[in-house]
Amino acid sequence: MRGVVMYAPGDVRVVEREDPKIIEPTDAIIRITATCICGSDLWPYRGVEPVDHTLMGHEYVGVVEEIGAAVQTVSVGDFVVGSFAVSDNTCEICRAGYQSRCLHGSFVAGDIGTQAEKARIPYADGTLVATPGQPEMDLVPSLLAASDVLGTGWFAAVAAEAGPGKTVAVVGDGAVGLMGVLAAQQLGAERIIAMSRHADRQGLARQFGATDIVESRGDEGVAAIKELTGGLGAHSVIEAVGTEESMLQAIRSTRPGGHVGYVGVSHDGVTLPANQLFFAEVHLMGGPAPVRRFLPELIDLIWRREIDPGKVFDLTLPLDQAAEGYQAMHERRAIKTLLTL
């Protein structure tokens, strides 16, 4: 089968990989219908994270081709959406709603690589969710978004306690930040402030429910949020970047007693000053999103066409042109690239 491998920073190739096989009775093999490039894939592409012949991709939807003897909740022929984190969905941590930290879990990125024609998904019962039937093709991008960016933006909004009567600020205008805007709107937020300097992303943010746009960053960005909120700061802030600057901007934009939901992937060297945390008096909650917790609800919303997160894909390419998809996102010519098979 064909699959995307990153040999070194900036060196993305589509190569022949061995077809996956059932190894454990809890496995499923899926033929991937659509996959995509994530903003987090750009970290190794830019040399921020180590990479060496790494199997790429962790967002995926497709059709089940084969199941292990112990699989019970999905069947051959089902169209499924899978989380970027493998989980059994039965351990104590999963039952508490944190499937991304499953006691028996792992991450799809690197070990499996779903920018490919097929994939072996461990713990299929706990990781995959079948749709009510075979989806119409125009729903596929939105279902694919649920696999990571929508679920991650949704977790960020839930962690930030977005809801009725709340003002929500979103730091980061990438795909996850935009999905955070959509989630906040769905959760009933009264006001949603998107922080963005890019006209195309501002337009999409408004489509998803943003009521205000703030273009400034740093001290000026914090001041703008305070000005829009009577000097108090937002009730809820979504952090969707992962840098020290973005985290501090999120914390400082939050009113005392407010909540920050952070889902931007941090890297070595990102530190937060304890004195600012101490005197901010805000709640912090975040990390790798437990997408599996939200998949049934998100699939239902998409299936009933109540939300259209697939709009976040502004570039569609065949799998063989994955390298161009990476380059376009690296150069900010695309928000998020969908790869077709």
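Reader: Where does Ser216 lie?
Author: In this predicted model, Ser216 is in the loop between β13 (212-214) and α9 (218-228). Helices (H or I, at least four residues) and strands (E, at least two) are DSSP runs, numbered from the N terminus. Residues are numbered from 1 along each chain as its sequence is written, and side-chain values use heavy atoms, with hydrogens and water left out. The model being predicted, local features need pLDDT of at least 70 and side-chain atom pairs count only at pLDDT 80 or more, while totals for chains, interfaces and linings use all residues.

Reader: What does the side chain of Ser216 reach, and with which residues is Ser216 in contact, leaving aside neighbours within four places in sequence?
Author: The side chain of Ser216 reaches the backbone oxygen of Glu220 at 3.4 Å. A polar contact is a pair of N or O atoms within 3.5 Å; within protein, one must be able to donate a hydrogen and the other to accept it, and residues adjacent in sequence count only if both atoms are side-chain atoms. With those neighbours left aside, Ser216 is in contact (heavy atoms within 4.5 Å) with Met195, Gly221 and Ala224.

Reader: Why does Leu103 count as exposed?
Author: Exposed means over 50% relative accessible area, buried under 20%, and partly exposed in between (1.4 Å probe, protein chains only). Leu103 has 57% relative accessibility, so it counts as exposed. Leu103 is found in the loop between α2 (92-95) and β8 (106-107).

Reader: What makes Asn89 partly exposed, and what is its phi?
Author: The relative accessibility of Asn89 is 25%, so this residue counts as partly exposed. Asn89 has a positive phi of about 65 degrees although it is not a glycine. Most residues other than glycine have a negative phi. Asn89 lies in the loop between β7 (85-86) and α2.

Reader: Why is Glu161 called partly exposed, and where does Glu161 lie?
Author: Glu161 comes to 41% relative accessibility and therefore counts as partly exposed. Glu161 lies in the loop between α6 (149-159) and β11 (167-171), and has a positive phi of about 55 degrees, again without being a glycine.

Reader: How do you know that the protein is as compact as a globular protein of its length?
Author: The secondary structure comes to 13 helices and 18 strands. The radius of gyration (over C-alpha atoms) is 19 Å, close to the 20 Å that the globule rule (2.2 Å times the number of residues to the power 0.38) gives for 341 residues, so the protein is as compact as a globular protein of that length. Of the 341 residues, 53% count as buried.
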